[in-house]
Amino acid sequence: MTAEKDLHLLLAGMHPALRDGEFVYVLWPEGRPLTGAVAAAVREAEGLSVVLPRGEADGLGLAYDFVGAWITLQVHSSLAAIGLTAAVSAALAEAKISCNVLAGFHHDHLLVPAADADRALEVLHELVAASGEQKPAPELVLRAEQPGDRPAILALTAAAFALSPVTGLPVSGEPEEVGLLARLFACGEYLPAYSIVAELNGEIVGHVISTRGRVGALELLGLGPIGVVPRLQRHGIGTALMKETIDRANAARERGIALLGSPDYYSRFGFVASTSLGVEAPDPGWGAHFQLLPLAVWPGGVSGTFRYAGPFG
């Protein structure tokens with residue numbers, strides 16, 4: 001059985017079950033052979049902590065100061081899953097119930113105060129019910145744009161560039177990126193596979209375009225504009241569009257991608273100053289903001305000035 005990592009599925013599919021009996025934590029005497037029905041053990045610098053049934057501890061004469069009920073979260077959670085124990089402990093904390101978490105290979109286990117066992121089960125079942133009512137987060141769809149998408153793309157671009165990326169001030173009139181994009185759609189250097197939209201719940205929320213550019217006879221991609229609806233900026237959509245562009249370009253054995261933008265942002269994708277690869281910016285004043293990503297089949301030994309598609313002129 002494959003261990004689950006998705007938090008929503010883990011919570012919705014969880015079946016909290018109470019193990020019979022009461023359990024206690026004891027500090028096992030140093031040098032004493034480990035005996036009895038030990039349920040869990042943790043070696044620490046201070047000694048060996050053991051969880052075992054209360055009756056066993058009493059029979060062995062071992063001291064304890066916590067008596068707990070054992071609840072197993074019956075869902076096969078991956079050890080790499082994120083958020084399950086946090087969600088469970090937060091729900092119990094809200095109900096003023098303490099819990100100690102033990103992670104097994106297949107399940108997570110909780111030790112809660114024995115007096116709170118019934119209420120803890122109620123809280124956990126309420127958490128399961130609430131998770132079942134929630135819908136999973138909508139999936140971001142990345143696809144090539146279709147002609148019918150263009151009004152939405154141009155409207156998105158107008159909203160995305162309503163504030164100047166250079167000054168941070170409102171743009172007077174229509175942002176120039178809108179007209180540029182419309183001309184790129186109609187130019188000879190337009191490449192349909194590299195005009196990519198991000199769609200969420202049927203709404204186009206992001207777009208990036210790359211068109212044919214060149215350094216001498218060497219064909220490259222010139223990326224831009226890239227835009228995301230303002231309310232969803234800084235939510236990873238731009239990153240997803242960049243990664244999709246790079247993946248498509250590598251799959252098509254493109255040589256490299258050039259763009260004008262923030263070195264701090266685009267360096268995370270592997271972009272470097274174009275001059276480090278022998279390529280000059282169309283405008284020398286752009287300096288380190290003109291960047292190049294050498295792809296898997298970058299030829300090396302390149303020298304010259306990058307030329308964007310005609311509409312950039």
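Here is a short chat about reading strands, a helix and salt bridges in a predicted model.

Biologist: Let's start with the sheet. Which strands does β2 pair with, and in what sense?

Modeller: Take β2, residues 23–28, and look at its partners in turn. Strand β4, residues 47–53, runs antiparallel to β2, and six bridges join them. Strand β5, residues 67–73, also pairs with β2 in the antiparallel sense, over two bridges.

Biologist: Which residue in β4 stands opposite Leu27?

Modeller: That one is Ser49. For β5, go to Phe23, which stands opposite Gly68.

Biologist: What follows α7?

Modeller: Have a look at Arg253, which comes after the helix and has a positive phi, near 60°.

Biologist: On to charges. How many salt bridges does the structure hold?

Modeller: The general point is that side chains of opposite charge can pair when their charged atoms come close. This structure holds 11 salt bridges. One of them links Arg119 with Glu126, with 3.7 Å between the closest N and O atoms.

Biologist: Is Arg119 buried or partly exposed?

Modeller: Buried means under 20% relative accessible area. Arg119 has 36%, so it is partly exposed. Glu126, at 46%, counts as partly exposed as well.

Biologist: What about Arg143 and Asp149, where is each of them on that scale?

Modeller: Their side chains meet in a salt bridge at 2.7 Å, N to O. Arg143 is partly exposed at 22% relative accessible area, whereas Asp149 is buried at 11%.

Biologist: Which residue does Arg150 meet in a salt bridge?

Modeller: Glu145, at 3.3 Å from N to O. Arg150 is partly exposed, with a relative accessible area of 23%, while Glu145 has 5% and is therefore buried.

Biologist: Which residues do salt bridges with shared partners join into one network?

Modeller: Find Arg212, Arg214, Glu219 and Glu254: salt bridges that share partners tie these residues into one network.

How values were computed
Residues are numbered from 1 along each chain as its sequence is written. This is a predicted model: local features need pLDDT of at least 70, side-chain atom pairs count only at pLDDT 80 or more; totals for chains, interfaces and linings use all residues. Side-chain values use heavy atoms; hydrogens and water are left out. Two strands pair if DSSP finds at least two bridges between them. Helices (H or I, at least four residues) and strands (E, at least two) are DSSP runs, numbered from the N terminus. A salt bridge is a side-chain nitrogen of Lys or Arg within 4 Å of a carboxyl oxygen of Asp or Glu. Buried means under 20% relative accessible area, exposed over 50%, partly exposed in between (1.4 Å probe, protein chains only).
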